[in-house]
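User: Hi, I'm new to reading protein models and would like to go through this one with you. Could we start with the words I need and then look at the parts?

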Amino acid sequence: MAALVGRRVLLQAFRGHATDRGSVCRLGAVCYRPRFCGRGKELEMSALAWNRATVRHYSSDPKDDLRVRYLDGEDAGIVVVGLNRPKAKNAISKNLVKMMYDTVEDIKKNNKVRSVILCSVVPGVFCAGADLKERAKMHQSEVGPFVSKARALITELGNLPMPIIAAIDGAALGGGLEMALACDIRIAGTITNSAKMGLVEAKLAIIPGAGGTQRLPRAIGVSLAKELIFAAKVVDGVEACRLGLVNHSVEQNESGDAAYVRALELAREINPQGPIAVRMAKLAINQGMEVDLSTGLAIEEACYSQVIPTKDRLEGLAAFREKRSPHYKGE
């Protein structure tokens with residue numbers, strides 16, 4: 001029954017214009033059992049269901065390639081960005097790059113956004129990588145500029161000031177995995193329709209061109225990254241979690257959206273925290289990881305100084321003193 005409710009409400013949630021911010025996105029509650037990497041027991045949690053099977057849009061309209069929802073109500077501040085190219089397995093095309101660029105710019109300018117979930121609206125796949133059919137039609141002189149645009153897009157995705165979570169409920173290959181690697185946190189569904197991840201460009205006699213050779217070694221270490229890239233290896237969610245490629249490996253549910261459900265649960269854990277503090281923490285971590293410890297500590301100090309004069313910091317102190325939950329406004 002819960003699954004049926006999830007299907008009905010999800011269909012309503014993604015009905016309408018892809019960037020409509022006015023409608024409430026409410027999904028039916030279900031119970032699932034996520035399996036967290038490194039934990040010996042399962043945790044039963046209640047969360048919102050995302051049943052992609054009910055939103056298969058086989059439209060040729062390029063406006064349908066990306067579906068963006070600004071949630072509201074108790075989930076205000078969460079933005080769900082859904083890849084939606086069913087016939088192409090969400091392959092990265094010129095149009096998808098353009099739409100994602102526009103979306104990233106909109107999100108970047110919106111101070112009310114506290115977290116972003118990047119997922120797929122298409123069952124069984126996150127993103128299959130570059131659109132090779134489109135690529136085959138390109139003149140050789142067009143390939144380089146297109147790859148540069150895709151690389152710049154993924155960089156901008158990673159540079160969003162708020163946390164971004166990749167919900168990988170299916171294959172994430174090539175550019176698809178590079179997109180997920182640019183996110184702050186990655187969650188993979190396993191067992192049924194388990195996530196398959198890999199930088200498989202070497203099979204096509206090319207190399208990862210959208211940050212994969214740089215972000216994968218930073219995520220799992222140089223030697224392991226070389227093995228995966230050189231051999232074009234594909235790993236499932238469990239192995240990806242063991243390697244440190246994803247934060248959590250969750251047992252897939254009947255709706256095929258376990259990673260999304262866990263991502264939404266995590267976004268809800270992030271949302272009540274001080275939004276300016278979270279943004280500054282992300283900036284300090286990202287910039288600090290690229291420099292020596294001494295410089296990193298100076299970056300942390302500079303970021304800390306940004307939160308001292310905020311109203312949110314005073315609200316946090318007042319809430320602690322009054323033994324109540326804080327109400328942060330991002331000010």
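Analyst: Let us begin with a term: a residue counts as buried when its relative accessible area is under 20%, and as exposed when that area is over 50%. Please also keep in mind that this is a predicted model.

User: OK, which residues are buried in helix 7?

Analyst: In helix 7, which covers residues 222-230, the buried residues include Ala 225, Leu 228 and Ile 229. These residues cover an arc of only 95 degrees around the axis, which puts them on the same side of helix 7.

User: Why would residues a few places apart point the same way?

Analyst: An α-helix has 3.6 residues a turn, so residues three or four places apart point the same way.

User: And what does the face turned away from the buried side of helix 7 carry?

Analyst: That face carries Ser 223 and Phe 230, which are exposed.

User: What comes up in the loop between helix 7 and strand 11?

Analyst: Ala 232 is found in that loop, and it has a positive phi of about 50 degrees although it is not a glycine. Most residues other than glycine have a negative phi.

User: Is Ala 232 buried or exposed?

Analyst: Ala 232 counts as buried because its relative accessibility is 7%, and the cut-off for buried is under 20%. Lys 323, in the segment after helix 12, also has a positive phi, near 55 degrees, but Lys 323 is exposed, with a relative accessible area of 78%.

User: Switching to strands, how many residues of strand 3 are buried?

Analyst: Strand 3, residues 66-70, is mostly covered, with five of its five residues buried. Leu 66, Val 68 and Tyr 70 point one way from the strand, while Arg 67 and Arg 69 point the other way, and all are buried.

User: Which strand is joined to strand 3, and how do they run?

Analyst: Strand 3 is joined by five bridges to strand 4, residues 78-83, and the two run antiparallel. Within this pairing, Tyr 70 has Val 79 in strand 4 as its bridge partner.

User: What about the open sheet, which strands form it?

Analyst: Four strands form that open sheet, in the order 6-8-10-11, and their pairing is mixed. Its edge strands, each pairing on one side only, are strand 6 (124-127) and strand 11 (235-236). Between them in the order, strand 8 (residues 170-173) and strand 10 (residues 196-198) run parallel and are joined by two bridges, and Leu 173 stands opposite Gly 198 in strand 10.

User: How many disulfides does the structure hold?

Analyst: The structure holds zero disulfides. As for its cysteines, Cys 127 counts as buried at 0% relative accessibility, and Cys 183 is buried with a relative accessible area of 4%.

User: Last topic, pockets: what is the volume of the largest one, and what lines it?

Analyst: The largest pocket has a volume of about 1,100 Å³ and is lined by 31 residues, of which Gly 158, Ala 182, Asp 184, Ile 285 and Asn 286 lie nearest its centre. Helix 10 gives the largest share of that lining, nine residues, and by class the lining divides into 15 nonpolar, eight polar and eight charged residues.

User: And the second largest pocket, what is its volume?

Analyst: The second largest pocket has a volume of about 690 Å³. Of the 32 residues that line it, Gly 129, Ala 130, Asp 131, Leu 132 and Arg 135 are the closest to its centre, and its lining has 18 nonpolar, four polar and 10 charged residues.

How values were computed. Residues numbered from 1 in each chain as written. Predicted model: local features only at pLDDT ≥ 70, side-chain atom pairs only at ≥ 80, totals over all residues. Heavy atoms only, no water. Pairing = 2+ DSSP bridges. 1 Å grid on protein atoms, 1.4 Å probe; cavity = no way out; pocket = protein on both sides within 12 Å on 5 of 7 lines; lining within 4 Å. Points joined across faces, edges and corners; volume = space filled by probe spheres on them. Nonpolar A, V, L, I, M, F, W, Y, C, P; charged D, E, K, R; others polar. Disulfide = S-S within 2.5 Å. Buried < 20%, exposed > 50% of the residue type's maximum accessible area, 1.4 Å probe, protein only. Arc of directions from axis to C-beta.
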